[in-house]
Amino acid sequence: MQHCTPEQLALAALREPLPADDSAHLATCEACRSEVASLQRAVDAVAVPQLAAPGPAVAPPPAVWDAIVAATGVSATVRDDVVADPPAAEPVRAATVLPFRPRRRPALLVAAAVLAGAVVGAGAVAVVQNGDDGEAVTAVALDPLADNEASGRAEVVELEDGSRVVRVELDAPALDAEYYEIWLIDRDVVDMVPLGVVRPGTQTVELPADLDLGRFPLVDVSVEPLDGDPTHSGVSVARGELDT
Amino acid sequence: MLAEEGVQHPFEPGRSGASERHGAPVSELVAVRPLRLGSVRGMATDRRQARPAAAEPDDREIGRRFAAGDEQALALAYERWAGQIHGMAVRAFGPGPDAEDVTQQTFVSAWTGRAGYRADKGPLPGWLVGVARHKIADTWARRDKQRRETEAAMSEAQAGPAERVTAGVDTQVADRILVLDELDLLGQPQRGIIELAFFEDLTHAQIAERTGLPLGTVKSHIRRTLERLRTRLEVDGAALHA
């Protein structure tokens with residue numbers, strides 16, 4: 001058959017679906033494919049989500065306007081509420097990272113939880129009294145998930161001042177360019193509290209005061225890549241359930 | 001990466017009030033974040049107070065006064081669109097100094113380069129977004145250059161003279177800057193058409209519907225613009241790597 005029209009090839013470069021006969025021709029025609037590829041270089045250069053049309057607005061901190069005034073020398077003023085620090089300004093800035101994270105993560109976690117189901121039940125839960133420094137409230141074995149070699153033990157300890165910590169013994173291979181993180185997760189494996197970075201060996205991480213352990217009974221160890229993404233990677237290697 | 005995130009709320013003239021409602025719900029996120037990492041709940045509620053639209057100049061008027069050098073128009077533009085611009089910057093770099101620099105540089109550049117803005121180039125907010133894209137791409141290019149220089153320096157320190165690697169340029173990082181630059185040179189409606197395709201991920205049929213232009217016109221503009229961008233990349237991209 002004859003070649004695709006130049007217009008069709010441009011649409012193909014934008015990854016628009018073509019009519020069936022054009023798309024069948026394109027699949028087999030080297031000349032047309034090479035034309036699409038050469039047009040696509042520009043498309044690919046800017047086809048990144050960061051350059052897409054603006055999504056959710058984020059209020060810049062007041063210092064940004066001050067810097068613009070300083071750099072331009074304008075004497076104009078903006079409305080007070082635009083540059084006023086809202087009471088929640090700092091947390092909001094941190095929280096705005098959320099919408100750009102993959103939404104399929106929770107689904108991955110649910111899959112991991114299903115895998116874990118059988119193993120978690122087998123985790124030996126013990127209540128330990130009167131440790132040397134602080135009183136162990138509850139302890140749980142961390143069992144490997146799937147084929148992982150990671151295992152260990154987590155112990156919730158109440159210190160004399162009433163604060164609680166988790167003493168973690170992790171028996172797991174050392175990681176290269178990744179790290180272990182420990183989480184408390186609810187039974188639905190949707191909501192979770194990150195407790196911090198852990199490494200093979202024994203260490204203590206603090207528990208947020210007033211955190212309801214009954215709501216987050218799963219102790220989970222994940223492998224996190226060094227990607228700056230603060231959310232759970234979806235890769236859990238060991239888990240146990242606190243008896244609360 | 002979430003390609004779909006950026007394209008759901010087109011940045012259109014007259015929609016600044018509406019689009020602000022997509023802003024992060026303040027108090028809910030504060031409460032949500034510590035316990036709900038990995039969840040995306042609570043992103044869509046309307047917490048921003050409606051802005052008193054009456055008695056404020058419309059977007060077109062702000063654009064006209066901005067181009068004419070009215071300082072208060074810069075303040076009005078900031079009030080109205082800084083959230084959108086900063087949202088883009090935060091999407092690219094996360095909250096913090098890099099994003100704040102991008103937002104600041106966008107408004108400073110737009111102001112000092114206001115002679116380059118004319119109402120016939122489209123609404124001011126769209127033009128500001130174009131400036132912000134340049135600032136984001138520039139920041140990427142600067143980081144890429146620093147990374148490569150560091151790597152080259154390390155390899156020079158470790159390797160013998162025969163194995164030295166010179167700091168190169170990432171093709172896509174360089175292409176991106178050339179494409180954004182060439183887009184600035186396009187007239188309307190070509191620029192608007194290709195931006196809808198590139199940045200809002202619309203099909204040519206959707207673009208025709210949005211702009212009211214005939215399908216055939218949209219298709220031939222897309223074709224000619226992609227050819228023009230290809231030429232720019234072949235000429236200047238080749239020069240960069242020579």
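**Contacts, cores and helix packing in a predicted model**

Tutor: Within chain A, of the contacts linking residues at least 6 apart in sequence, 53% join residues at least 24 apart; a contact requires C-beta atoms, placed from the backbone, within 7 Å. The model is predicted, so local features need pLDDT of at least 70 and side-chain atom pairs pLDDT 80 or more, whereas totals for chains, interfaces and linings use all residues. Residues are numbered from 1 along each chain as its sequence is written, with chains lettered from A and ligands numbered from 1 in written order.

Student: Which residues of H4(B) and H5(B) meet?

Tutor: Among them are Tyr78(B), Ala82(B) and Phe93(B) in H4(B), and Val102(B), Phe107(B) and Trp111(B) in H5(B). The residues of this contact divide into eleven nonpolar, three polar and one charged. Here Ala, Val, Leu, Ile, Met, Phe, Trp, Tyr, Cys and Pro count as nonpolar, Asp, Glu, Lys and Arg as charged, and the others as polar.

Student: What makes H1(A) oblique to H3(A)?

Tutor: The axes of helix H1 (residues 6-13) of chain A and helix H3 (residues 30-46) of chain A come within 8 Å and cross at roughly 50 degrees. That angle makes H1(A) oblique to H3(A). Their contact has eight nonpolar, one polar and one charged residues.

Student: How many residues are in the largest nonpolar core?

Tutor: The largest nonpolar core has 73 residues, with Ala13(A), Tyr78(B) and Ala197(B) among those with the most contacts inside it. H4(B) supplies the largest share, 13 residues. Such a core is a set of buried Ala, Val, Leu, Ile, Met, Phe, Trp, Tyr and Cys residues joined through C-beta atoms within 7 Å; buried means 20 or more other C-beta atoms within 10 Å. A second, separate core of 29 residues includes Val140(A) and Leu242(A).

Student: What does Tyr78(B) touch?

Tutor: Leaving aside residues up to four places away in sequence, Tyr78(B) touches Trp65(A), Ile68(A), Val78(A) and Phe107(B).

Methods. Contact = placed C-beta atoms within 7 Å. Helix = DSSP H or I, 4+ residues; strand = E, 2+ residues; numbered from the N terminus. Buried ≥ 20, exposed ≤ 12 C-beta atoms within 10 Å, placed from the backbone. Axes fitted to C-alpha atoms, helices over the stretch in contact; angles between N-to-C directions. Parallel < 35°, antiparallel > 145°, perpendicular 65-115°, else oblique.
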